[in-house]
Structures are given as structure tokens and as C-alpha cells.
Amino acid sequence: MRQPTLCVLLVLATAPTLFAQSQVNTDPLRDTIRGAVAWIARQAVPVADVEGAVLFPASEGTKAPASTIVYGGTAGVLIFLENVAAVLDDKVARELADRAMKGLQSARHVGARGQVSWSGGGAMGTSGLYTGDAGVGQAFLVRHLLRGDAAALAAAIEVGDSLIASARTEGDELAWGNQSDIIFGSAGTALFLLELGQASKEQRFLDAAHAAGRGLVAEADQVASKADATRKLPIWMFQMGTKGRHMPNFSHGTAGVAYTLVRLGAELSDEKLVAAGKGGAEWLLEHAVADGASLKWAASEGGTPVYMGGWCHGPAGTGRLFLLLHAVTGEAQYLDAATKGAAFVVDYAANAEKQTADGKKPYVPPSFCCGVAGVVDYFCDLQRVTHDPAHVAFAKKAGSYIVDVAVADGDGKKWKNGQSVPGGPVAADSAGFNVELMLGAAGEALALLRLVTMEQGVDPVRAMPDRAVGVTKTTKK
């Protein structure tokens, strides 16, 4: 896995004129989703000596071994397959999900202290939601939630217990590694433990999530408010070696950690956690840049600002914090921020239609992390809150772009990624065909599945725990 390229591909959102002008109906969506399943199935790598078990590589043709984690590996693919099986009642996806489950089970190993793990022991994030064991546990949990699979729940519980055992404890606080963020760090791990506690009804997981929330509050840097220099507001840094870098948006910074604290606080009845999350949101509102009628946030503090539109470093992720705060508090300012961030994505999309010097329109990466699929996902949630026909229309147009740029490969469908935004946190090109959830076909097709279900009263899709925009009150003992 190429760690430095996480969450950095270009998010030009998507210009309406880049999409087919007719609204997408459900037949092209379902056909494309099933095509993605067919292509992903051909990328499966059999597990030696385990009948019927497979794992998935990050990309087509890679020489790197198949991985287990969400970002670049099998856990994310399993989450996609389980949702296709459940929502579309798709037999092919269900059977492939069974084989992927066997593959993940076969990759389980036990450490010297008796703790189970699936991570490869990388430099950071081995417990993380997207890069480590918490994400594998989330895949097991999704399978249980969609199928009522007791064995999958037992596997998720085993992951949760090992995460608790491996946590760094200080007083009544828990943490993992030196990162606080959603991708690698304690924020993402805490969200898995919260959902595991809710599903299993085991108090120890709720208590661990709560302790992780307290640890996140303690890890915040306190900075002066722009509105009142006598007040301090929390932000969360991303650690790069011995230095910290503030990337304010969802994947690596303040928006994602604040989201975690608001959700933990609201669902575990801890107003101090909610207040800390609101403090992070206040910092974001103070530092939002008005762009006409829209709001935007720089991908990173310091240097020349770069504004992106997607889940990782733009409003499609950061807006989730504001949608959650609106659900928790009912305050209009948060919904206003969420919709103004969405307006920036729409405006950015209009700019993306401008032709380049050679007369060609830019290719917009379709990926979930930093591209169009993440934008579709956000607008699906936004319309469930606002019921605004404009949000429905934009989501469908963005979805039709994903359908249109899919590459046929026999009976399968796959997507090519593209150049990251110039001047972004890391400039990298990923022109190959990826398999996995965040930069590959599993993510593009999962966004299309969200469109299939967008106007249903209750959303049947269950995926990563950082996507919720409402709250479920958890009764503590």
C-alpha cells in the first residue's frame, strides 16, 4: 500500500455538463453495479490451502500481495459485496462475499500476547479504521448487520477485544498510536468500537469508545478563536514524523475528529465530548472561506491554499460534521454550513467543465476517497436531510458520470483514476484500475448503490461508521 498517496487524488467534484444530461434511471445503475461485481470477482486471489477463500489486491495486475484492510484491500471489498447482496438480492455478490469472508478469516493471526490481528505491522495505523484492524472488524460487523451472521459478529467482537487490549491507557483515556484522525488514528477506531458496542450490546466496547473520546479531547491543540482571542478552540494535527500538520478537513484533521466526538457524545450522553466537537466545528466556521454563496476549506493550513471538493479534503467529508451537528442540536447554522459547502462542490463542478489548452475536458477521478463517488455519497445524505430536489438532481448527474466513464472489460466494469489536484497535500497519479473501496471499483459501485436507494425512506446501505448523519441514543448501564 502506498501510504503517502492516501486521500489525495483530484476532486474537481463534477461539472453538470460533464454528465449525461438525462437523469440516471435504476437499470444503468444496477447493470453497472453488477458489472463491477463481475470485474472484481476476476481480481480475486485464491488463498493457498483454504478451499473457496479469496483475498483482493489494491489494483489490477499488481505484483503486491493481496491485503486485508479497507484502504487498498479485502475488508473494503467485503463491505461493498455484502451491501450489493443485501440491497439487490444479488447471488453472485453474496457468494463472492462468502469467499472473501473465508479469506479474511484465513488471514487472522495471533500475536505473542494472544491478541488477534490482520494488519501488516506498518509504521502507523495498524489499528486504524481504514488502515488496520478496526476496518477489518467493521467489515465483519457490516456482514452481521446485513445478514444476522453470528460468526461475523463473533469475529468483530474478537477484533474489538484485541483493540482494547492493545490500546495505550492513561487514566480514563484510551488511544492507539500517535494519530488522532479518521484514517489511521483513534477517531476511526473509536467509531468502530461504538458501532460494535451498539450491535453486540456489550458495554465494554461502549466504554472503550467513550474512553477514546476522552483521549481525543486531551490530544487537541488549543488555539485562539478569531472572534474572541480570549477563547480557545480545539484543532487536531496530523503527525508527520516529529512534526504536526493541520489538515482541517475530514480524513486527517479537525472535521473528522470533531465528528467522532459529537457522535460519541450524543450517543453516550456525554456533553463534554459534544462540546469539544462543537469547538472544532466553530474553528472550521471561523476559518471557512466564502466563495460567492458557498463555503470552502483549504486542504491544509499554511502555504498556498488548495481547495478540494471530496470526502478526504473537501466539503463532501467536512459537511458530514455539520449534518451531524444539525441532527444533534437542531441549530440552523450547521445545516447552512453543510449546504453552502455543497454549493462549493456544485460551483467547482461548473468550473471543471472548462476545457484545457488542448481543447479536451478534464477527466475527473471517480473514486470514493477524493473523487466523484464520495460526492455522490454526500449528496445522497444531504438530500435525506433537506429533501431538496436540487440535491437529488446533482447526485443523479454525478452518478451518471460514474456510469459513463466506466470501462467495459468483458462482462465487467472498472474505472480509471487520474491526476491529483496540483498543489494538493501530495501530488500523485493513479492511472490504473483499482479494485478496492476508496480508490477503486468497489467504491464507485457502492456510490451507485446509494443512488439506487437514495429516495427510500430508510437507507438500507451499511458501510463505514463515519458516514452516519443522524444519531442513535445508546443507553448506558
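Is H387 buried or exposed? Select H387 in this predicted model: with a relative accessible area of 61%, the residue is exposed, because exposed means over 50%. H387 sits in the loop that joins α12 (372–386) to α13 (389–405). Its phi is positive, about 55°, although H387 is not a glycine. Most residues other than glycine have a negative phi.

Select K201 next, in the loop between α6 (186–200) and α7 (203–219). The phi of K201 is near 60°, again a positive value in a residue other than glycine. K201 counts as exposed, at 69% relative accessibility.

**Confidence along the chain**

The mean pLDDT is 89, and 88% of the residues reach 70 or more. Residues 1–25, however, have a pLDDT below 50. In the model this stretch has 101 contacts beyond near neighbours in sequence.

The ring centres of F379 and F394 are 4.7 Å apart, and with planes at 45° the pair is tilted. Because F379 belongs to helix α12 and F394 to helix α13, this pair ties together parts that are 15 residues apart in sequence. F379 counts as buried at 2% relative accessibility, and F394 counts as buried at 6%.

**Two cysteines**

Move to C369 and C370. C369 is buried, with a relative accessible area of 0%. C370 also counts as buried, at 0% relative accessibility. How many disulfides does the model contain? The count comes to zero, where a disulfide requires a pair of cysteine sulfur atoms within 2.5 Å.

**Lysines over rings**

Two further stops show a lysine placed over an aromatic face. At the first, select K296 and Y307: K296 lies over the face of Y307, at 4.2 Å from the ring centre. At the second, select K414 and F433, where K414 lies over the face of F433 and is 4.2 Å from the ring centre.

**A serine in α5**

End the tour at S162, which is placed in helix α5 (residues 150–166). S162 is buried, with a relative accessible area of 10%. What does the side chain of S162 reach? Display the backbone of V116: the S162 side chain reaches the backbone nitrogen of V116 at 2.9 Å. Then show Q115 as well, since S162 touches both Q115 and V116 when residues up to four places away in sequence are not counted.

Notes. Residues numbered from 1 in each chain as written. Predicted model: local features only at pLDDT ≥ 70, side-chain atom pairs only at ≥ 80, totals over all residues. Heavy atoms only, no water. pLDDT = per-residue confidence, 0-100. Contact = heavy atoms within 4.5 Å. Helix = DSSP H or I, 4+ residues; strand = E, 2+ residues; numbered from the N terminus. Buried < 20%, exposed > 50% of the residue type's maximum accessible area, 1.4 Å probe, protein only. Phe/Tyr/Trp six-rings, centres within 6.5 Å; stacked < 30°, edge-to-face > 60°. Lys NZ or Arg CZ within 6 Å of the ring centre and 35° of its normal. Polar contact = N/O pair within 3.5 Å; in protein donor to acceptor, adjacent residues only side chain to side chain.
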